[in-house]
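The paragraphs below take up one region at a time.

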Amino acid sequence: MADITRRLGWRHLRGAPTAHIRHHRSGKLVHDGPGLSFWFRSLSAALSEVPVDDRELTMTFHARTADFQDVAVQATVTYRVSDPAVAAARLDFSIDPDTGVWRGAPLEQLGTLLTETAQQHALDVLARTPLSAALVDGVTSVRERVAAGLAAEPRLPATGIEIVAVRVVALRPEPEVERALRTPAREQIQQEADRATYERRAVAVERERTIAENELASKIELARREEQLVEQRGTNTRREAEESAAADKVRADAEATRTVRLAEAEAQAAREAGEARAQAQAAWLRVHADAGVDGVATLHAHAAARFAENLPQIDSVTISPDVLTGLLARLGAGDRA
C-alpha cells in the first residue's frame, strides 16, 4: 500500500521499491515505475499500484481419482507481475488518492484465476490416476501437470502474470481411506516387529541353552575329575595300607627273628647254666660221697651258712614264753648229758 500524505490540498505519494506506480493526469501518463515519490492533486489524478515482487499463493482443493476416491491436494504457486502496464489495464489496481488503499481486490481476482487454472489441470490428471498410483507418484505428476498447464495458459501472459514455481505440498485421501491404507503397512510393521521379537527371544533361548549345556558339561567334567580324585585317593590309601602292611611285616619278621634269637640265646644260657648247676651238683655229691664224718659236719655247717645268707634280714626276734621254756629245757637236758 502506498504512503500518501496531505499538504494544503496537495497529496504526496511515496511508493515501495516492490510496487509499480502508474499516475495518470487528465488521461495522460505522468509517472510510471517502481519506488516513485511525487506530489499530485487528488481531483485530477488517477493512481494505480501494481506489486511486482514474488507472491505465494497457497491453495487447497479436492479431487477424485480414477477409482472414485476423494483426495485433498495442497499446492503453492509462486508468481509475479511481469508487465505492470498490462496487469493494470486488465485488472483494477487503482488506489484511493487520499488513503492509498486499493479500490477493488485485484490480488483476490488474480488468486482466483490461478487457483481455478491450477485446479483444472490437477483434476484432469487425477481423474485418470487410481488412488494407489496417485499416492505413490501423484505429487510429482500433479506438480508437473499444473506447472505445464499454467505455463501454457494464454490468459496469464495476457494479464501480465509470470509463473515462477509450482509446489505440491501434499496429496492425501480421506481419513477413513487413509486409515484403511495404513492398516496393511502397520500390520506388516507389527509382523516385522513381532518377528524381530521372536528372533530375539529365540536367540536368548539359544544362548540360555548354550549356557546351560556349558554349565552341565562343566558339572560333568567336575564330577569326572572328582571321581578320578576319589579313585586316586583310594589308590593312594591302598598303597599306603600295603606299604604299612609291608612295613609291619618287616617289623614283625624282625621282631620274630629277634625273639627267636633271644629265645635261643636264653635257652643256650639256660642250658649252659643247667649244665653248670648239674656239674656243680655232681661235684657237690662227689664231695659228700668222698667226705667222712668230719667232712659231713663241715658240709652241713657250710650249707647252714649258705642258708643263712639267703634268709631275709631280721631286725628283731620275739620269743614267746612257751618257746623260751622249751629251749631252756633242751639246753638243760644237753648239759646233763
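In this predicted model, three strands form an open sheet in the order 1-2-5, and their pairing is antiparallel. Strand 1 and strand 5 (37–40) are the edge strands, since each pairs on one side only. From one strand to the next, the twist averages 20°. Strand 2 and strand 5 run antiparallel and are joined by four bridges. Along this pairing, H12 stands opposite W39 in strand 5. As a general point, the side chains of a regular strand alternate between the two faces of the sheet.

The loop between strand 1 (3–7) and strand 2 (10–14) contains L8. The phi of L8 is near 50°, a positive value in a residue other than glycine. Is L8 buried or exposed? A residue counts as exposed when its relative accessible area is over 50%; L8 has a relative accessible area of 89% and is therefore exposed.

F68 is found in the loop between strand 7 and strand 8. F68 is not a glycine, yet its phi is positive, at about 60°. With a relative accessibility of 64%, F68 counts as exposed.

Strand 6 spans residues 45–51, and six of its seven residues are buried, so the strand is largely enclosed by the rest of the structure. Its partner here is strand 3 (residues 19–25): the two strands run antiparallel and are joined by seven bridges. Within this pair, R25 stands opposite A45 in strand 6.

In general, rolling a probe the size of a water molecule over the atoms shows where empty space is left. The structure holds one cavity of 30 Å³ or more, and the largest cavity contains about 40 Å³ of space. Which elements each supply at least two residues of its lining? They are strand 7 (55–64), strand 8 (70–81), helix 3 (131–152) and strand 9 (161–173). Strand 8 gives the largest share of the lining, three residues. The residues that line the largest cavity are M59, F61, V73, A75, V77, A118, V142, V146, V166 and V168.

Key:
Residues numbered from 1 in each chain as written. Predicted model: local features only at pLDDT ≥ 70, side-chain atom pairs only at ≥ 80, totals over all residues. Heavy atoms only, no water. 1 Å grid on protein atoms, 1.4 Å probe; cavity = no way out; pocket = protein on both sides within 12 Å on 5 of 7 lines; lining within 4 Å. Points joined across faces, edges and corners; volume = space filled by probe spheres on them. Buried < 20%, exposed > 50% of the residue type's maximum accessible area, 1.4 Å probe, protein only. Pairing = 2+ DSSP bridges. Axes fitted to C-alpha atoms, helices over the stretch in contact; angles between N-to-C directions.
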